[in-house]
Amino acid sequence: MQGAQPRHRPHRPARRASLAQAASVALTVSLAAALTAGCAAIAPSGVSSGGDRQAAELAPGAHDPTLIERDGVLHVFTTGNGIQHLRSEDGRRWSRLAPALQQAPAWWAEAVPAHRGLDVWAPKVFALQGRYWLLYSISTFGKNRSAIGLTSSASLDGPWRDEGLVVKSVEGDDFNAIDPDLFIDDRAAGGDGRLWLSYGSFWGGLRLVEFDPATMRPTGPTRFIARGRGKDGVGRGDAIEAPTIVRHGEWIYLFASHDFCCRGTASTYNIRVGRARSATGPFLDRDGRAMLDGGGTVVEQGAGRWIGPGHQDVAGRWIVRHAYDAEDGGKPKLRIDALRWTEDGWPQL
């Protein structure tokens, strides 16, 4: 069984450690001038005194970010205690709002008995049916006893309502139920209106299942859509996670993070992509290699100051991810850029 003997994942505890000190970790954002022009910065005097927000920060931490833009305001949710929430009107100064989750839902204890506290990984934010939704994951180091949960709110500022367990994995499964993404194939963009949940980290790779908007639960068969690269890029491996699926024109694109994050300047994380005519694949890279066979065209990999970029999200024109700053002790920092497209339809920075 593929993935039955996975390479244990050494980096998740590092996520927790880095996010526990998020207020002291620097953040660098490079947004297009179109966003920053004419926007007022969030000043400390604009922060409420009721405890919902901390003072405006020039250097908040971020790991595994997901982004939504509403009325010119950026909201980023990240791995951390209760799901961290950052807000910015100009992409430079950020307010840290109250975490989305204030207490652990009762079902967590049964789904992942070894999980402790409010340590929550890899959220995905999206809007649907007049509400905002956050998919998220809970797990423990080196194990695939994991679960993906759901919470919703009428406002990005909360309060957030528990919507229960979406999918889980247990020891013996050939997959790991973390790092969720939701793809809405918008009819206005040429899609068929269907929803697709993807997820996965190491073990057998990335998985996909249709998502029912009436129940907000998976429906139908689940399939693998991508696997990691083997040694030296040859064959298959298990070091792949964090799927992101988006439509651009007539193509549907699968972004994924390969190799290892969360090791500071020793991180080897990199972002790769393939595309298909259907959300179910097969996803092929620019050279025609299937992502199920370890393929994927490089979108970004570490170089110079920024090491180990990954755990990307694509929201509209923006791609958001974290990377490790070689000029600041390898601390993880948020990176946001406008995603550009080549004439033959491939994404690039």
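Modeller: Two rings of Phe, Tyr or Trp (its six-membered ring) form a pair if their centres lie within 6.5 Å, the planes counting as stacked under 30 degrees apart, edge-to-face over 60 and tilted for the rest. The model is predicted, so local features need pLDDT of at least 70 and side-chain atom pairs pLDDT 80 or more, while totals for chains, interfaces and linings use all residues. Residues are numbered from 1 along each chain as its sequence is written, and side-chain values use heavy atoms, leaving out hydrogens and water.

Colleague: Is Tyr 253 buried or exposed?

Modeller: The terms rest on relative accessible area, with buried under 20%, exposed over 50% and partly exposed in between, for a 1.4 Å probe and protein chains only. Trp 341, at 25%, is partly exposed. Tyr 253 has a relative accessible area of 0%, so Tyr 253 is buried.

Colleague: Which Trp has its ring centre 6.2 Å from that of Tyr 253?

Modeller: The planes of these two rings are at 85 degrees, so this pair is edge-to-face. The partner lies in the loop between β23 and β24, 93 residues from Tyr 253. With a relative accessible area of 6%, the partner is buried; the residue is Trp 346.

How values were computed:
Helices (H or I, at least four residues) and strands (E, at least two) are DSSP runs, numbered from the N terminus.
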